[in-house]
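Please open the model in your viewer and keep the sequence panel at hand.

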Amino acid sequence: MLGAARAIMQTAFTADQLARPEIAEAAGILKDCVHYGFCTAVCPTYVLTRDEKEAPRGRIDLIREMLESDGPPDPKTVGHVDSCLSCNSCMTTCAAKVDYLHLADIARAHIEATYRRPLADRLLRRIIARTLTDPGRFRRAARVARLAAPVRALMPGRLRVLVDMAREAPPMADPPVEARTYAADGERQGRVALLAGCVQQAMAPRLTRAAIRLLTRHGIEVVVPAGADCCGALTLHMGKMDAARASAGATLAALGREIDGDGLDAVLVTASGCGTTVKEYGQLFRDDPARRDAAARLSEMTRDISEFAAKLDLDFGDTAIPLRVAYHDACSLQHAQKVTEPPRQLLRDAGFVVHDVPERHFCCGSAGTYNLLQPAMAGQLGKRKAGHIESTGAEAFAAGNLG
């Protein structure tokens with residue numbers, strides 16, 4: 001039996017190290033890992049490489065050694081941590097319920113604080129962190145990247161990926177969603193805040209507009225708060241904790257004003273990568289006495305839009321079309337938030353015939369900034385996912401995350 005084989009991982013942290021909250025948290029998570037190995041079968045990087053250090057339990061050992069040493073990690077360790085997608089498929093299958101999500105965040109923050117990356121890597125990460133989190137700056141950068149297309153072949157590999165993405169992205173002619181209150185049609189049945197986000201606000205504000213139309217049509221007043229732009233997810237998963245908390249803090253304050261003002265029934269997010277992070281604000285600010293309670297309250301109120309919409313009495317009228325739709329479970333929605341049925345329910349209620357994608361637990365390779373920082377692995381995973389989607393024979397494709 002699994003219980004009989006359970007053994008606590010031994011760690012060698014000093015008392016001074018354990019006095020630091022992040023090390024104490026990491027030590028607790030590490031002790032939960034018993035190396036059963038179920039995680040290896042669902043880890044995309046291990047399945048493709050068959051390298052134990054590219055599997056969750058291998059990375060856990062590397063993270064333990066890195067944190068115990070309390071100094072700069074070696075480049076190989078950094079490489080293995082960097083190549084993790086944070087898809088959290090391992091957490092779904094782990095019999096010991098190891099909190100790998102937060103352990104990886106601690107590891108990345110340690111690397112960011114102690115390891116000096118090569119100059120080109122530092123510059124690229126700085127560009128990504130400063131550009132993708134600011135919708136206006138992102139739109140301007142995309143226009144510049146399109147102009148650089150003729151000299152693409154002369155650029156380093158990862159910069160070529162940025163140019164390719166800019167060329168393939170929508171023209172971004174659609175203006176951002178205005179931060180204001182959108183009145184409910186007819187008698188008001190509820191009031192929610194909708195997070196416009198940063199990348200989605202730049203690339204696809206139409207998604208936010210569609211959500212507003214759906215909600216207001218069904219009696220829900222929607223407020224898009226000013227100042228609630230970037231949730232902090234992109235910088236958080238790059239190990240840039242100060243930048244992540246700054247963005248998250250601004251969003252927390254903006255949403256808090258709405259909660260304390262006219263009140264909210266829920267905070268809704270249409271991009272599941274952002275929703276996962278906002279649901280974790282209680283964890284992110286747990287050591288901040290001034291914001292801890294407000295962050296925990298916000299986390300409790302946050303819902304993916306599919307969770308909220310599935311509980312409404314939606315009226316699809318005569319618009320139902322029996323189109324065959326392949327639904328892709330975004331990792332942040334199925335593994336981190338454990339939301340799998342509401343999106344399917346909504347699609348079926350709308351008249352679509354829903355097809356599951358083979359290997360639905362397997363990451364598509366996007367993973368926030370992963371496709372920019374690890375384009376080779378991301379490309380392999382993207383082709384694998386595209387092949388599985390095509391195999392369904394569906395006429396359309398749906399997902400719960402812009403990435």
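**A guided tour by selection**

Select Lys-97 to begin: this residue is exposed, with a relative accessible area of 58%. The model is a predicted one. Lys-97 is found in the loop between helix 7 (89-93) and helix 8. Its phi is positive, at about 60°, although Lys-97 is not a glycine. As background, most residues other than glycine have a negative phi.

Next, select Asp-70, in the loop between helix 5 and helix 6. Asp-70 also has a positive phi, near 60°, and is a residue other than glycine. Is Asp-70 buried, partly exposed or exposed? Its relative accessibility is 34%, so Asp-70 counts as partly exposed, given that this class lies between the 20% and 50% limits.

**The nonpolar cores**

Now select Ile-60, Leu-67, Val-98 and Leu-103. These residues have the most contacts inside the largest nonpolar core, a set of 28 residues. Helix 3 (21-30), helix 5 (56-69), helix 6 (75-82) and helix 8 (100-114) are the elements that each give two or more residues to this core. Which helix gives the most? Helix 8 does, with 6 residues.

Keep Leu-103 selected and display its surroundings. Apart from neighbours within four places in sequence, Leu-103 is in contact with Ala-26, Ile-29, Leu-30, Ile-60 and Ile-63.

For a second, separate core, select Ala-244, Val-278, Leu-284 and Leu-298, which are included among its 27 residues.

**Helix 3**

Return to helix 3 and colour its buried residues: Ile-23, Glu-25, Ala-26, Ala-27, Ile-29 and Leu-30. Against which elements do these residues pack? Their partners are helix 2 (15-18), helix 5, helix 8 and helix 17 (281-284).

**The whole chain**

Along the principal axes, the C-alpha atoms fill a box of roughly 65 × 50 × 45 Å.

Of the 403 residues, 51% count as buried. Among contacts with a separation of 6 or more, 77% are between residues 24 or more positions apart.

Methods
Residues numbered from 1 in each chain as written. Predicted model: local features only at pLDDT ≥ 70, side-chain atom pairs only at ≥ 80, totals over all residues. Heavy atoms only, no water. Buried < 20%, exposed > 50% of the residue type's maximum accessible area, 1.4 Å probe, protein only. Contact = heavy atoms within 4.5 Å. Core = buried A, V, L, I, M, F, W, Y, C linked by side-chain atoms within 4.5 Å. Helix = DSSP H or I, 4+ residues; strand = E, 2+ residues; numbered from the N terminus.
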